[in-house]
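Have a look at the sequence and the structure below before reading on. Then we can walk through what holds the inside together.

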Amino acid sequence: MSTRVDTSLLSEIKQYGAIDIEACFNCGNCTAVCPLTGDASFPRRMIRYAQIGAKDALIGSKELWLCYYCGECSKTCPRQAEPGEFMAAARRYALAEYDFTGIAKAMFTIPWFNVLLNLLLVSFFAVFLLAFNQGTAFDKLALWEFLPEVVVQISGIVLFAIVALAMMVGIARMTRSIANAAHLPISASARGERGQAWCKAAWLTVWQQVLGHKDYREDECEEDRSKPWFLRKWFRHATIMFGFIGLFGATALDFLFKPLGAWVPLYYPARLLGTLSGVLLMYGTTLAMMIRFRKQDRYAAQSHVSDWLLLVLIWSVGFSGFLLEIAAYSRPPATWAYPLLILHVALVMDLLVMLPLSKFAHIVYRPLAIYHQKRGNVESIETIPMGAAST
Amino acid sequence: MPEKKPKPETPATFARLPKEAPRLGVYICYCGGNISDVVDCERVAKVLGEQPDVIVARTNMSMCSDAGQAMIEEDIREHKLNRVVIGACSPFLHEQTFRGTVSRAGLNPYYYHHVGIREQDSWVTHDDPEGATAKAIRLMNAGLAKARHLEPLEPIRLEAKKHALVIGGGVAGLRAALDIAERGLKVTLIEKTPFLGGHMAQLESVFPTDEEARPALHELIEKVVHHPKVTIYTSTVIVATKGCVGDFQVQLRPVARGVRGVAPGIQAAIEACPVEVPDEFNYGLTRRKAIYFRYPGCHPPTAAIDWEHCTLCGECAKVNPKDIRLEREMTTFQITVGAIVIATGFQPYEPRPGEYGYGEYPEVVTLPQFIRIMAMAEDAGELMWNGHPVRQVAMIHCVGSRQVPGVHEPQPDGKVNDYCSRVCCTATLQATADLRRRFPQIRIFDLYEDIRTYGRGHEEYYRQASLSGVRFLRFHTEQGPVVIADPTGEHPLVVKVNDYLTWGEELEVPADLVVLAVGMMPGPIEDLIDVLKLSPGNDRFLLEVHPKLRPVETAVTGIVLAGTAQSPMNIQESCAAAEAAASKVAGLLSQGLVELEPFVAHVDLGRCTGTGACVDACQYEGAIQLETRVIDGKEVQRAVISPAICVGCGVCVSACPNRAIDVQGWTLAQYEAMVAAIAAEIPALVEVEA
């Protein structure tokens, strides 16, 4: 079965931020220098899929998600085709393809829509929450009397359920794409030895890669080598991720053990966990934004609107959360915290909605791709000979 | 074969030993380390300095430098040296230099012998310094042995006609003609067809500047046509030649043009012609009459009759009886020229019927045809071909080039075109750029084996093609693309290819037009090769004497090559070759005297018995002949050499049963002495080898 060449795919991916990829002449230097491409499958192979219009093969490539964008490929490219940027764009493209609503595609390809949608969502949630306000007390700060906690909890749970459902659809579509892509004799898993048992693969994914950041640490870029560990890219990511996990844990603990609306001291375990996690989150996001702003590191030289969106959103959530905490413990009562609460909760809700629709979705797709790769046991495969005819 | 007579006790050539005792100067060059890094030059000098007759033995970092040459000159004067032996680079490089050195010091320049101890020793024996040193000593010792037998020689001087013939009226021929004429020599330019300009006239723009082809060409044609030293004959071919460099007698056969002057009203006569044939200017895409102009504005601006297709019906002459005469034949005439420039050019490879669908599908065309299609297309709207709008174009590289025996079908002569035609890669990419610029909506696919955009500015076409969205696919020679009708019917054709860049995956490229980037083949010049005794290479292009050091001269002195008759070249390279050819011609003829190396056969009349074996053996007509002489009152036959024709190959030397012939400068006696010296035991050398 032969593949009909279609030139439109590359132009489409360009809309997702693959700036100069048409300059690529398939030399493979990007793949030769890539610290992570165990079986020489990316970036060159991904680029070729895009060049010939092999859409199914591209969106069915878990390899897209094995790249952490260190930027070594872009530095080495003799034609300045920015293969690293292509990989990021291809991930956005794949993500938009997994999203059945088409909203992700619109957000990735139309910058103003991206900003507008988020502003509208935050405004909508703010108005929605304000509708439930119970009146403002100015002699004391009674946040949960102003906004009943139960409203936040219930709407949050409903929203979470919807988002989780959408995410499940995305997971199903991604898994199907990976399975479908096997018709090209170039999918690594098709050639693999017997897959590892699923539980071992899941364990390796979660423990080694997600929590341990193993490949992320090995994908250390040149710029990072001269930096102390706490400024490195993988560490920055780890602080944001563990910050998130911590805050998620603190919220869950509050939900389970804290009486509704009760005041707790700073050393209350859930509050302490939340505060420390918030510090990590703020550290990571602030640093990431600074590096994207300075544009000195190759991987941060080109920032897509979706990169900024996620950072700005997380940072705003963290920052408004901290202000609320300050307000909660300050004397006299900081009454400016009432609108801040509305904003904070609206931002959190917006972030939740963005989960299946934005770069945020990588928290699901990347581990899933790594899991599929572990099951295919890619590392034990010999390098596929380049140019070997398929006959 | 006549039985050889027993060898005489003493070789006859000994009689020609110089009278004076040899006084040898030996020089070993370091060549800036090229030699001395391997060969112990000082040791070589020391050993050779101890050999008989050697007066001085010296080394130098660079013998060809002014200081090195001055040292040799001074030694010759001071020590009264009468033989010089230099061990250095290849004689191709500096033999002439040192002949000049020796000559300036007052010695006959042929009292000097050059030993190549770089190419033949240090470069090839670099991992064995001891062995290389011993080898240098042996080679140099052989040189000494030869030097003892050197004789003074004089270059052969011939009177030269200050007149050159240029064959071919394409860009290379025109360029060469103008350059020779500007050096003050007379030039006759002949062109086989009725019009000047060659293939360049069929191009629209030329890389790497995208300059318009015809205006540039016409500028050159104007200069040539109006140059007082240039005479041009169109529709003229060579039928015979005689003679040698400086004095070639060339028989030319013109064919009548049939039309006189600008001939007002000629258009009506052309319209009256009932004969229509494919127009070769548009590579058969359009048709023309049997009386025609090549293209509007062509040179000369006179129509011509295509005698091959003209039926002599007389319709045109009825319209214009004053200027049209349907008489083809003209008389042959002779010119005498000192040198000949071959600028016969190329022809595009014509794909076999069925090769990539060529001839089967009207949508498969060659690159030259595509250039004409683009030239004739209107910019507005869509590019139409064969009644369809063109939406996708596939370019296939290396058609008729870089062929592999067993994979590609051979040409009628049994050979495949295994060479790279060099021009097609950039020309194809330039064509895609033009297509992209004028019809940006067309999707372009480029199927290649390798992209060889080697020249200055050429790579830019490749880069721009990439950037403009041309999609590249790569195939292996063994698995070339296949062109078939599109089974889906969306497009007329589909090109199937096992794409090397997609790991051999079979890809399909639907196409409305398939363009074959055909290579170059030499023009049909078999007759000319016969007449001028030229030597074509294995690729059928004409061969130069030495691809690096004598790149435009042929084995026949006085006949030089210009442009694509020699090998595939682009216009820039063709003009460079033409200019080189022109300066070679000017160098030969501008003195009115041709000097040739004296290394030709020489007959010892005392030994010649007139067997004629040498004449039978000789490959060069007129180089050696038997003449009747009267010796002691008897009429006898004796061999006589024509030094201008003899190339010094030495076949006659081996054929002569009497040892009566020698090649000057390379006599049998010299060889014997060299062989003896190579095999001789030199005490110091034995020490080196141990």
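Predicted model: local features only at pLDDT ≥ 70, side-chain atom pairs only at ≥ 80, totals over all residues.

Residues are numbered from 1 along each chain as its sequence is written, and chains are lettered from A and ligands numbered from 1 in the order in which they are written.

Here is chain B in a few values.

| Feature of chain B | Value |
|---|---|
| Helices | 18 helices |
| Strands | 36 strands |
| C-alpha trace along its principal axes | about 90 × 70 × 50 Å |
| Buried share | 45% of 690 residues |

Helices (H or I, at least four residues) and strands (E, at least two) are DSSP runs, numbered from the N terminus. Buried means 20 or more other C-beta atoms within 10 Å of a residue's own, exposed means 12 or fewer, and partly exposed is in between, with C-beta atoms placed from the backbone.

Now for the inside. A nonpolar core is a set of buried Ala, Val, Leu, Ile, Met, Phe, Trp, Tyr and Cys residues joined through C-beta atoms within 7 Å. The largest one has 218 residues, and Val341(B), Val514(B) and Ala562(B) have the most contacts inside it. Its largest share, twelve residues, comes from helix α18 (residues 337–354) of chain A. Another core, of 47 residues, lies apart from it and includes Ile76(B) and Met674(B).

Finally, Pro300(B) sits in the loop between β15 (291–292) and β16 (304–305) of chain B. Pro300(B) counts as partly exposed because 19 other C-beta atoms lie within 10 Å.
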